[in-house]
Amino acid sequence: MTVSRRTLFAWLAIAAALAVVGAGQSWSLALSIANLCLISAVMALSVNIQWGYAGLFNVGIMGFAALGGLATVLVSKPPVPDAWAAGGTGLLGALLAAAAAVALTAGLARLLPRNRWRAPLLAVCLVACYLAVRALFDPAVDAIEAVEPAKTGYLGGLGLPILFSWAVGGLFAAAAAWVIGRIALGLRSDYFAIATLGIAEIIIAVLKNEDWLARGVKNVTGLGRPVPYEVDLQRDPDFIDRVAWLYGSTLEGLADDARVAALRDLVVQSSGLFVKLCYAGLFVAVLAVIFWLSERALRSPWGRMMHAIRDNETAAGAMGKDVTRLHRQVFILGSAVAGIAGAMLVTLDGQFTPASYVPLRFSFLVWVMVIIGGSGNNQGAVIGGFLIWLVWIEAEPVGLWLIDALTAGLGEGHGLREHLLEAAAHTRPLVMGLTLLVVMRFAPRGLVPEHRGR
Amino acid sequence: MSFLEARNLTGGYGGADILNGCSISVDRGEIAVIVGPNGAGKSTAMKAVFGMLQLRTGSVRLAGTDITGLSPQDRVHRGMAFVPQTSNVFVTMTVQENLEMGAFLRRDDIAGTMERVFALFPVLRDKRQQPAGELSGGQRQQVAIGRALMTEPVLLMLDEPTAGVSPMVMDDLFERMIEIRREGIAILMAEQNARQALGIADTGYVLVTGENRYTDTGAALLADPDVRRAFLGG
Amino acid sequence: MLPDLLHAIVLLGNYVVVPGLAYASQLALGALGITLVFGILRFANLAHGDLMAFGTMVAVLVTWQFQAWGLGLGPLPTGLLALPVAILAASAAALAADRLVFRYYRRVRSAPIVLVMASVGVMFILNGIVRFIIGPNDQSFSDGARFIIKAREFRQLTGLEEGLAIKTTQCLTVAVAVMVVAALFWFLQRTRTGKSMRAYSDNEDLALLSGINPDRVVAITWVIAASLAAIAGTLYGLDKSFKPFTYFQLLLPMFAAAIVGGIGQPLGAIAGGFIVAFSELTVTYAYKKFLHYMLPEAWEPAGLAQLLSTDYKFAVSFVILVLVLLFRPTGLFRGRLL
């Protein structure tokens with residue numbers, strides 16, 4: 001089968017699967033899944049940029065996505081003036097002091113002669129600076145977190161429309177990647193993987209514990225929306241008219257009061273679908289832009305150089321390419337895309353819950369998407385994002401159904417049957433692992449392989 | 001029919017053939033040396049004899065049995081031993097452990113063999129508790145040869161054993177080869193230092209582009225004006 | 001003055017030294033497995049944490065069964081009795097993973113990163129199996145005598161104000177770890193098979209030329225790594241509790257320990273385990289009370305005097321990892337630089 005045939009076939013399969021969900025479960029659910037598929041596709045692009053283009057094994061996608069999520073809070077939530085009054089200046093002072101401390105240590109590191117006193121002196125300086133910064137930081141944080149802890153207890157954000165946060169999320173992730181890249185790039189690939197895994201855990205730990213920033217595990221709910229609210233739509237006469245027009249034929253034959261009731265139901269249903277469609281529209285737009293940009297980049301001289309480095313790092317290095325610098329660029333770009341996807345996800349959820357970030361779902365699953373879709377190929381990554389999200393989300397109901405069918409003979413209330421039904425959710429990692437291993441072994445270039453020799 | 005008989009070897013590493021029908025043989029108690037310019041296929045010929053190369057044509061027979069299809073490990077079982085040119089010792093293991101690993105396949109008492117190796121290379125006896133990675137280049141070569149001898153091989157193959165060692169150490173190593181030959185072992189060696197190596201060789205093979213160019217006794221080759229001019233620097 | 005100093009020492013002993021020794025032993029056992037797999041198979045096995053969880057799960061299930069049968073070891077936890085079964089199960093899982101997954105990539109000589117990715121697949125499957133069978137929640141399976149000495153008893157015994165509590169599981173952990181490590185080193189240094197493993201790790205090609213059978217070496221490596229994982233996991237579970245996700249998270253400190261010590265160096269993995277464990281504990285310990293004993297009253301700190309909140313313990317292993325990779329990539333014991 002040729003590549004374009006395969007692509008077509010994959011898209012048909014995805015559409016069919018979504019249609020089955022829509023008809024079998026509900027269209028609203030199908031749209032929800034499709035929206036998450038779109039976000040997964042953006043995340044898969046982020047991994048593909050790093051792995052497919054440059055061979056960077058970044059398993060810290062979770063951390064960058066979480067930073068994107070943080071951006072939604074910091075951009076869209078209104079500021080908390082009381083908290084700013086209580087500890088804002090103190091906190092800013094502490095941050096400035098921290099910057100000064102870093103500068104001081106760096107300066108000292110440059111000035112001190114390289115003898116045996118250097119390391120201990122630097123260590124003493126670092127610890128002293130750390131304690132000093134903490135002395136400023138802690139009271140400010142305590143003051144902020146004491147401001148109405150049940151409702152706020154944090155500084156709040158800028159109160160801007162949430163759509164801005166998608167860009168800001170990308171910037172946050174890019175900034176983090178810049179710092180991390182300075183440390184971790186240039187490590188051997190396995191070490192880089194472990195380093196990024198660790199960084200992601202640290203980012204999540206910070207988000208869970210620094211309540212002044214985004215309320216930690218107390219979560220931030222009620223985030224603003226870039227699309228209308230269902231209740232507003234349901235009261236909007238224009239929207240009601242459109243629904244009435246759209247379903248004109250179904251409503252026609254009904255009696256008056258039955259028609260009013262039916263229309264009300266239809267309006268409620270349609271408002272939900274409409275909101276989801278609006279999200280889908282936004283996500284498609286973002287996906288399309290990122291896809292187009294990364295395709296452009298891939299076909300540019302820069303992209304060809306990236307490929308040359310991936311395929312033979314030593315040779316590319318010998319030809320005078322600054323491998324580490326290019327790796328840093330690609331790492332920053334890819335991470336920024338992950339940040340955007342993270343912001344989109346939190347926007348869709350309407351809440352920021354740091355405890356929901358788990359590596360299996362946010363880092364490794366995205367990897368599976370890329371490997372299965374076809375690494376190095378953006379279309380493959382997007383298809384992988386769709387397919388794997390579908391499998392991931394439907395593995396549970398299908399697993400449940402299968403177990404139910406297979407153990408029906410045991411009778412209600414049988415211990416084993418109860419246990420298996422309860423454990424059905426955990427078929428997900430099993431199915432994922434199997435899919436990954438089977439594809440790696442028998443279709444190592446993925447379902448939609450990269451075109452070589454361009 | 002010689003003890004080791006490699007005939008008409010042709011093959012390479014997947015690309016163009018490096019060996020083009022070269023033949024090599026050696027008998028027990030003899031030293032055969034392969035010499036030739038860089039890229040002539042000396043090391044490749046050694047690997048081909050030891051089964052580390054996919055051959056297109058040709059056969060290798062040891063003591064009359066065809067071993068062409070055997071893996072290197074199986075050849076070790078048949079009494080062949082190989083000393084690679086580089087990374088030929090276990091650097092993190094002691095000298096004694098290196099020798100023990102050489103005798104890995106043997107189930108009988110190896111103390112006697114180890115004693116013979118120590119007699120051959122007395123310096124190793126003193127350093128036997130030292131990691132091989134801490135030894136000098138010449139001593140490492142001794143460990144490498146000692147490791148190969150631990151299997152009590154009937155055929156010892158050495159790939160450029162004197163590469164990167166001082167002339168004094170080289171002379172010493174060649175003297176040891178003569179001693180090893182006395183035990184009735186067949187020795188096959190690829191060498192850069194052609195003049196010295198041919199000096200101890202019973203048979204010499206001059207290889208050029210993977211073919212036998214000259215084959216004769218070591219002394220005859222050293223005396224041959226053509227060989228001297230082309231390969232021994234006059 | 002003197003009692004104050006004693007109090008301070010007992011305090012540190014109770015909150016840092018004793019738990020640190022137990023945690024360090026658990027990390028060291030895990031790191032040993034990682035470093036052995038890295039040394040012999042030459043890839044970072046990301047499934048090691050979940051292999052640990054798998055072995056521990058079997059130990060938990062067998063313990064429950066033994067408890068139901070009324071089998072036990074008196075003051076010692078029943079989990080110890082279940083350990084052999086856990087070791088067998090973990091070894092079988094590791095060998096199966098090698099046979100079905102890793103062996104193929106070894107044969108086609110894939111790049112190490114492909115093997116790492118395959119280990120992600122194995123990790124998913126083991127994770128799924130564990131959750132499928134026992135669920136994702138905390139399970140406690142420790143029984144027997146909880147303490148060797150309780151804080152109150154210690155206070156009565158010594159007349160000091162500070163208590164020193166030593167849990168049975170902590171003692172057991174250290175004792176088992178010492179025995180296991182001693183046995184492992186004896187095996188690696190003294191036996192023919194152990195030496196052949198070291199030889200294979202040192203120089204694969206030369207090991208083949210010496211007639212060492214690579215399949216055997218690889219199989220033994222998996223069995224040892226899986227056994228160590230099952231032991232480390234069971235001890236950790238007895239000491240704290242068993243929760244699958246925690247075991248995945250142990251991956252980072254274990255890798256940090258293996259790399260700090262020098263990858264492929266068993267002795268280094270143990271040293272690394274101790275460095276990581278004690279760094280975590282000393283950095284996240286609240287020194288308020290300690291300083292109360294050590295400093296004059298006027299200097300006493302107002303806060304907890306804690307360098308980092310306990311939740312940042314990953315950060316500690318990570319920082320150690322990065323520092324070592326930047327300044328001494330071969331690790332303390334000059335491991336393999338890959």
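Residues are numbered from 1 along each chain as its sequence is written, chains are lettered from A and ligands numbered from 1 in the order in which they are written, and side-chain values use heavy atoms, with hydrogens and water left out. Because the model is predicted, local features need pLDDT of at least 70 and side-chain atom pairs count only at pLDDT 80 or more, while totals for chains, interfaces and linings use all residues.

Start where chain C meets chain A. Here 49 residues of chain C are in contact with 45 residues of chain A; contact means heavy atoms within 4.5 Å. The two chains bury about 4,200 Å² between them, and 78% of that is on carbon and sulfur atoms. Buried area is the accessible area (1.4 Å probe) lost when two parts are put together, summed over both. Met117(C), Phe124(C) and Phe132(C) supply 19% of the area that chain C buries against chain A, more than any other three residues. Salt bridges across this interface number zero. The rule for one is a side-chain nitrogen of Lys or Arg within 4 Å of a carboxyl oxygen of Asp or Glu.

The charged end of Arg441(A) sits over the ring of Tyr104(C), 3.7 Å from its centre. That calls for NZ of Lys or CZ of Arg within 6 Å of the ring centre and within 35 degrees of the ring normal. In chain B, the charged end of Arg28(B) sits over the ring of Phe3(B), at 5.3 Å from the centre.

Now the ring pairs. Over all chains there are 27 aromatic pairs. Rings of Phe, Tyr and Trp (its six-membered ring) pair if their centres lie within 6.5 Å; planes under 30 degrees apart count as stacked, over 60 as edge-to-face and the rest as tilted. Phe274(C) and Phe278(C) are stacked, because their centres are 6.3 Å apart and their planes lie at 20°. Both belong to helix 12 (residues 266–284) of chain C, four residues apart, about one turn of the helix. Helices are DSSP runs (H or I, at least four residues), numbered from the N terminus. Ring pairs also link Tyr15(C), Tyr285(C), Tyr287(C) and Phe290(C) into a cluster.

Cys129(A) is in no disulfide; its nearest cysteine sulfur, that of Cys125(A), is 4.1 Å away.

Conventions
A disulfide is a pair of cysteine sulfur atoms within 2.5 Å. Helices (H or I, at least four residues) and strands (E, at least two) are DSSP runs, numbered from the N terminus.
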